[in-house]
Amino acid sequence: MFRLLRYFSVASLIGFVIVTVLLGYLYRQTAVRNLTEMAEEKNVAVTLGFANSLWDEVVPFIEVTLTQEPHTLYNHPGIKKLRTSVIDQVVGLSVVKVKIYNPNGITVFSTEAEQIGSSEADNTGFLTAWKGVVISELTHRDTFNTFDGIIEDQDVLATYVPIRSEGQSGPIVGVIELYSNVTPLLRRINTVQRNIILGVAGILAALYGVLVLIVQRADHILRAQQSEREDVQLEMRQQQRTLATFKERERLARELHDSLGQVLGYVKMQSQAVLELYEQGLTQQGGSYLKRLIEAVQNAHVDVREYILNLQSSVLEDQDFVTALRTHLDKFAKFSDIRTRLELPTPAYTLDLGPHAEAQLMRIVQEALTNIRKHAKACQAVVSISEEQNNIQVSIADNGHGFQIEVIPAPNGHHVGLQIMRERAAEIGGEIEIQSEPSLGTEITIVLPKSTTRLLDLSPETLSYPTRPAVDS
């Protein structure tokens, strides 16, 4: 049965965890993007402030650096004055570092003096800003040099802003890089993210608990319904098996009645003939008739015992088909002195075809064994079960004298049995295949589709078969 509660619990828990993680991730991405945009706008505003207040110092200084060697810039007399002016501009702001690049990508000014004169010509930020586009990059620094000293374990946003000679419309003459400390804002984002994750997780956990209770109740109802359905199916199967057994018993009773009637009629006729011969003094002829009479009675006795054996084996209420078949073969071997063997695909193999189909299949096997006992003169019978694709095959083979299949005379005791087997197989959707050659034995194979488990008509009209003659007169 499908384990609804287990699969729902696992699937929904995984789904809720994924939703919680995604919500936290999306919030952080959105918050960090907004933070970057806000800090970038602030850095641009600071740069514009530089342009307004320090324009006369920055632009001439950048132009002068184009004619000097980079390693000499550190000692330029304008550096100290520019540093003082820049620091005055950023005091009280979140800006922790400022760098200025000339058109060649040379760092002509930095609040970290050691970087003055270094080249950033291949820096992506510088190259992008030189094209007139403001670009920012958020990074985490374990240590970072600022104009106030070294800070540790901080998040900084670096923004590259182009410097124009004539306000916002003039040509670009350099690039300013500003570093802003955004650690407090990121920590606030982390706190909010954690609270959102905890809140969402709490809400989803409550929802998960409610849904689990609902599904648990539904699973309980489904299991109860499944149990009731199985009980009903078991009861129906027992009823079908009982009905099939009853019909088979009724048919066997009619067949036994007809056979005994024929035997008794034959015995009566032969007894009268013997009596008349003895009254006429023809004792020799009477003895011959008496021997035939004794033989007929013995055959009838064997037939009656076999009918009783078959009737017992056709009752399958308390055991499966394979177990019933194995029991019948053991009893048949003791009854007939014919060795029997059952061959199965696996030692624990079971066969479930439905009550009516199993009853008919058992009767076909019994009919085949009866033919072997009466006509084959065999000392061994092998019953084998196999499966091929959508078919189930049950074969009964003997090592008797066999017969010529192409030359089958009009129905007699032997071939009426074959006709009965064919009709029984057809009733459950199967067919009979016969292989036999003189002196090489006979093999009868019943081929059944696996769909034979369907319910079949069990009306008396479908259960009439020709009666085997009990005695050959």
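Predicted model: local features only at pLDDT ≥ 70, side-chain atom pairs only at ≥ 80, totals over all residues.
**A left-handed crossover and its surroundings**

Strand 6, helix 7 (residues 355-376) and strand 7 together form a β-α-β unit that is left-handed.

Strand 6 (residues 339-343) and strand 7 (residues 380-388) run parallel and are joined by 5 bridges. Within this pairing, R341 stands opposite V382 of strand 7. Strand 7 has a further partner in strand 8 (residues 391-398), with which it pairs in the antiparallel sense over 8 bridges.

The side chains of R341 and E343 meet in a salt bridge, with a distance of 2.9 Å from N to O. In a regular strand, side chains alternate between the two faces of the sheet. Are the two partners buried or exposed, or do they fall in between? R341 has a relative accessible area of 39% and therefore counts as partly exposed. E343 is likewise partly exposed, because its relative accessibility is 34%.

The structure holds 3 salt bridges. Another of them joins the side chains of E112 and K97, at 2.7 Å from N to O. This pair links distant parts of the chain: K97 belongs to strand 1 (residues 95-101), E112 lies in the loop between strand 2 (107-110) and helix 3 (124-130), and the two are 15 residues apart. K97 is buried, because its relative accessible area is 4%, a value under the 20% limit for burial. E112 also counts as buried, with a relative accessibility of 15%.

A salt bridge is also formed by D219 and R223, whose closest N and O atoms are 3.0 Å apart. Why are these residues separated by about one helical turn? They are 4 residues apart in helix 4 (residues 183-279), so about one helical turn lies between them. D219 is buried, with a relative accessible area of 7%, whereas R223 is partly exposed at 36%.

I18 counts as partly exposed because its relative accessibility is 44%.

Finally, the protein may be considered as a whole. It contains 8 helices and 10 strands. Of its 473 residues, 41% count as buried. The accessible surface of the protein comes to about 25,800 Å², and carbon and sulfur atoms account for 55% of that area. Among contacts with a separation of 6 or more, 69% are between residues 24 or more positions apart.

Key
Residues numbered from 1 in each chain as written. Heavy atoms only, no water. Buried < 20%, exposed > 50% of the residue type's maximum accessible area, 1.4 Å probe, protein only. Pairing = 2+ DSSP bridges. Right-handed = clockwise from strand over helix to strand, strands pointing away. Contact = heavy atoms within 4.5 Å. Areas by Shrake-Rupley, 256 points an atom, 1.4 Å probe, with all protein chains shown as cover. Salt bridge = Lys/Arg side-chain N within 4 Å of Asp/Glu carboxyl O.
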